[in-house]
Amino acid sequence: MVTLHHTDPELAALLDTEVAQQNSTLAMVASASIADPSVLAAGGSALSNVTAEGYPGARYHPGAQQFDAVETLAVERAKHLFGARYANVQPHSCSSANLAVLSALLRPGDTLLGLDLDAGGHLTHGSRASVSGRHYNSVSYGLDESGRIDFARLTDLVLEHRPRVLIAGASAYPRTIDFARFRAIADTVGAYLLADISHIAGLVAAGRHPNPVDVAHLTTTSTYKQLGGPRGGLILSGREYKTPGPDGRTPLHRLMQRAVFPQSQGTPSPASIAAKARAFAVAAEPAFLETARLIVHNARALARELSALGYQVLTGGTDNHMVLIDVTSAGLSGVVAERALEECGILANRNRIPGDTKPPLVTSGLRLGTNILAQRGMGPEQMRECAQLLHTVLAGTTARSDTEYRIDPALVAIVREEVRWLCSCHPLPIDTTAHVPVSLIGVGT
């Protein structure tokens with residue numbers, strides 16, 4: 001058997017190092033989860049060799065019989081998992097899915113209303129840094145003084161600007177999203193409601209967050225942030241799937257098929273779609289329900305512990321997997337906090353917060369997530385340890401500027417060892433074969 005170690009030792013060594021690093025790192029990145037080895041296997045399958053534009057039964061290339069069956073399986077599993085009547089599994093990311101939806105529902109210059117980036121929105125919800133904020137008339141809604149979505153102001157903006165599309169969803173919002181209230185507001189002007197559940201898809205699938213599929217006209221999500229799937233996106237629709245699009249004739253499900261292919265994408269990724277099919281099956285298993293329960297309980301416990309340590313927790317807590325803190329009270333910027341923590345083996349990302357005066361690459365906030373902590377089997381009792389480790393690093397870091405800092409190497413060594421020990425007590429959810437170095441895995445005969 002020829003192995004990657006023999007054919008490309010340099011690449012094999014890098015991949016082996018990554019596996020070891022993930023095992024010994026305390027990953028608290030809110031936009032990440034761990035894929036089951038079976039998902040990784042499906043994503044690395046021979047389907048990568050298949051080229052097949054189009055949809056099952058209507059491909060523009062030969063040799064797609066197995067891929068047709070795989071994509072059909074992925075679609076049915078996605079519909080079952082989310083209670084949808086329509087699913088498109090081809091988008092390469094949720095950003096791709098969002099842009100496909102918007103291009104189908106909006107003409108250049110039409111009005112789009114989404115959550116402001118500084119309030120926790122996403123680039124594709126109308127940010128000027130995105131195509132969504134350049135091709136369309138983008139208007140943003142924000143938060144009230146408590147850090148919650150300001151529905152009163154949102155209602156005023158909808159009546160004033162009469163958007164064709166209203167987006168409900170966020171990338172940095174720790175509270176429950178009231179999709180029914182969004183829909184009621186959208187209906188006042190006949191707007192389409194798009195729900196982006198990228199960050200909470202796992203909680204939605206597990207019944208830990210309200211499901212928008214039968215409330216919104218369309219729902220999008222990524223398949224990796226909380227679903228433990230491959231990099232990719234998904235478009236869903238429930239009882240509105242036959243609702244006419246802007247032309248008054250074409251139902252939304254047909255409009256979405258065209259919006260993805262051929263209007264915004266060419267060839268899909270067959271192996272990634274196989275991995276999505278496997279991830280949807282894993283998310284439908286009872287064990288996933290327990291993971292979702294831990295995700296929520298851990299986030300609440302982490303928020304309480306950090307608040308007790310003196311940190312300002314935005315909105316005073318959390319309803320999902322995410323905890324946002326203002327690190328300026330510790331004399332740090334978000335990027336300094338991020339880098340100091342990474343040096344100690346803890347991963348959490350900088351994030352802008354409401355009223356932030358620092359640039360996007362610096363920020364005043366830190367975003368924490370409990371997806372991977374829950375997948376490791378950690379519970380609320382371990383969140384005190386995690387919070388204390390965070391505090392030890394942040395309290396021991398001295399900022400020299402918004403981007404430069406100093407931390408005692410001895411402290412780094414101590415924290416790193418404590419992180420390794422905690423991780424070893426709660427290993428990643430992988431079977432024994434996943435511990436085999438990738439350099440020993442055969443790639444041919």
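Strand 12 and strand 13 pair in the antiparallel sense over two bridges; two strands count as paired if DSSP finds at least two bridges between them. Helices (H or I, at least four residues) and strands (E, at least two) are DSSP runs, numbered from the N terminus. The model is predicted: local features need pLDDT of at least 70, side-chain atom pairs count only at pLDDT 80 or more, and totals for chains, interfaces and linings use all residues. Residues are numbered from 1 along each chain as its sequence is written, and side-chain values use heavy atoms, with hydrogens and water left out.

The open sheet has four strands in the order 12-13-16-15, with antiparallel pairing. Strand 12 and strand 15 (349–351) are at the edges with a single partner strand each, so one side of each has no neighbour in the sheet. Helix 11 packs on the sheet and touches strand 12, strand 13 and strand 16 (365–369), where contact means heavy atoms within 4.5 Å. The direction of helix 11 makes about 15° with that of strand 13; axes are lines fitted to C-alpha atoms, for helices over the stretch in contact, and angles run from 0 to 180 degrees between N-to-C directions. In the loop between strand 12 (312–313) and strand 13 (322–326) lies Thr315, which has a positive phi of about 65° although it is not a glycine.

A second open sheet has seven strands in the order 5-11-10-9-8-6-7, with mixed pairing. Its edges are strand 5 (86–88) and strand 7 (137–141), each with a single partner strand, so one side of each is left without a neighbour in the sheet. On average, neighbouring strands of this sheet are turned by 20° against each other, direction ignored. Strand 10 (residues 218–222) and strand 11 (residues 233–237) run antiparallel and are joined by four bridges; Thr220 has Ile235 in strand 11 as its bridge partner. Helix 9 (residues 252–260) lies across strand 5, strand 9 (192–196), strand 10 and strand 11, at about 0° to strand 5. In the loop between helix 9 and helix 10 (270–283) is Pro262, joined to Phe261 by a cis peptide bond with omega of about 10°.

**Helix pairs**

| Helices | Angle | Axis distance |
|---|---|---|
| helix 11 (residues 286–308) and helix 14 (residues 380–395) | about 45° | 8 Å |
| helix 6 (residues 151–161) and helix 7 | roughly 25° | within 9 Å |

Helix 6 is thus roughly parallel to helix 7, whereas helix 11 and helix 14 are oblique to each other; angles under 35 degrees count as roughly parallel, over 145 as roughly antiparallel, 65 to 115 as roughly perpendicular and the rest as oblique. The contact of helix 6 with helix 7 is made by Phe151, Leu154, Thr155 and Val158 of helix 6 and Arg181, Phe182 and Ile185 of helix 7.

**An aromatic pair**

The whole structure has four aromatic pairs, with ring centres of Phe, Tyr and Trp (its six-membered ring) within 6.5 Å; planes under 30 degrees apart count as stacked, over 60 as edge-to-face and the rest as tilted. One of them, Tyr141 and Phe182, is tilted, at 5.8 Å centre to centre and 55° between the planes. Tyr141 lies in strand 7 and Phe182 in helix 7 (residues 179–187), so the pair ties together parts 41 residues apart in sequence.
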